[in-house]
Amino acid sequence: MALQLEPRQTGQLVLRAEPQLIEDLDRVASQYRANRSQVARALIRQGIAALEQQEG
């Protein structure tokens, strides 16, 4: 059982996952957030460089 959906009487579904899968997904999400921050910083640096070239 890597993933399992369990219906509830309230009409909701509960997603259950093995601990290792949860850890793997958390690690991937953390890497994505870190990469997203790095990309944002690179774009800001490129924008600043472009503005400096226009001024100078």
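Trainee: Which residue does Arg27 form a salt bridge with?
Mentor: Asp24, and the closest N and O atoms are 3.2 Å apart. Keep in mind that this is a predicted model.

Trainee: How many salt bridges does the structure hold?
Mentor: Three. Glu6, Arg8 and Arg16 are linked in a network of them.

Trainee: OK, what are the distances there? Start with Glu6 and Arg8.
Mentor: The Glu6 and Arg8 side chains meet at 3.5 Å, N to O. For Arg16 and Glu6, the closest N and O atoms are 3.0 Å apart.

Trainee: Which parts does the pair of Arg16 and Glu6 tie together?
Mentor: Arg16 lies in strand β2 and Glu6 in strand β1, so the pair ties together parts that are 10 residues apart in sequence.

Trainee: How accessible is Glu6?
Mentor: Glu6 has a relative accessible area of 21%, which makes it partly exposed. Arg8 is partly exposed at 38%, and Arg16 is partly exposed at 37%.

Trainee: Switching topic: what forms the nonpolar patch on the surface?
Mentor: Leu3, Leu5, Leu13 and Leu15, with about 430 Å² of accessible area together. Strands β1 (3-7) and β2 (13-17) are the elements that each give two or more residues to the patch.

Trainee: Is Leu3 buried or exposed?
Mentor: Exposed, with a relative accessible area of 52%. Leu3 lies in strand β1.

Trainee: What's the radius of gyration of the protein?
Mentor: The protein has 21 Å, whereas a compact globule of 56 residues would have a value near 10 Å. The C-alpha trace spans about 65 × 25 × 10 Å along its principal axes.

Trainee: And what share of the residues counts as buried?
Mentor: 0% of the 56 residues. The accessible surface of the protein comes to about 5,200 Å², and carbon and sulfur atoms account for 56% of that.

Trainee: Last one: how many positive and negative side chains are there?
Mentor: There are 7 positive and 7 negative ones, and the centres of the two sets lie 3 Å apart.

Methods
Residues numbered from 1 in each chain as written. Predicted model: local features only at pLDDT ≥ 70, side-chain atom pairs only at ≥ 80, totals over all residues. Heavy atoms only, no water. Patch = residues over 30% accessible without salt bridge, like charges linked within 9 Å, V, L, I, M, F, W, Y side chains within 5 Å. Areas by Shrake-Rupley, 256 points an atom, 1.4 Å probe, with all protein chains shown as cover. Salt bridge = Lys/Arg side-chain N within 4 Å of Asp/Glu carboxyl O. Helix = DSSP H or I, 4+ residues; strand = E, 2+ residues; numbered from the N terminus. Buried < 20%, exposed > 50% of the residue type's maximum accessible area, 1.4 Å probe, protein only. Rg over C-alpha atoms; globule rule 2.2 N^0.38 Å. Lys, Arg positive; Asp, Glu negative; His and termini not counted. Charge placed at Lys NZ, Arg CZ, Asp CG, Glu CD.
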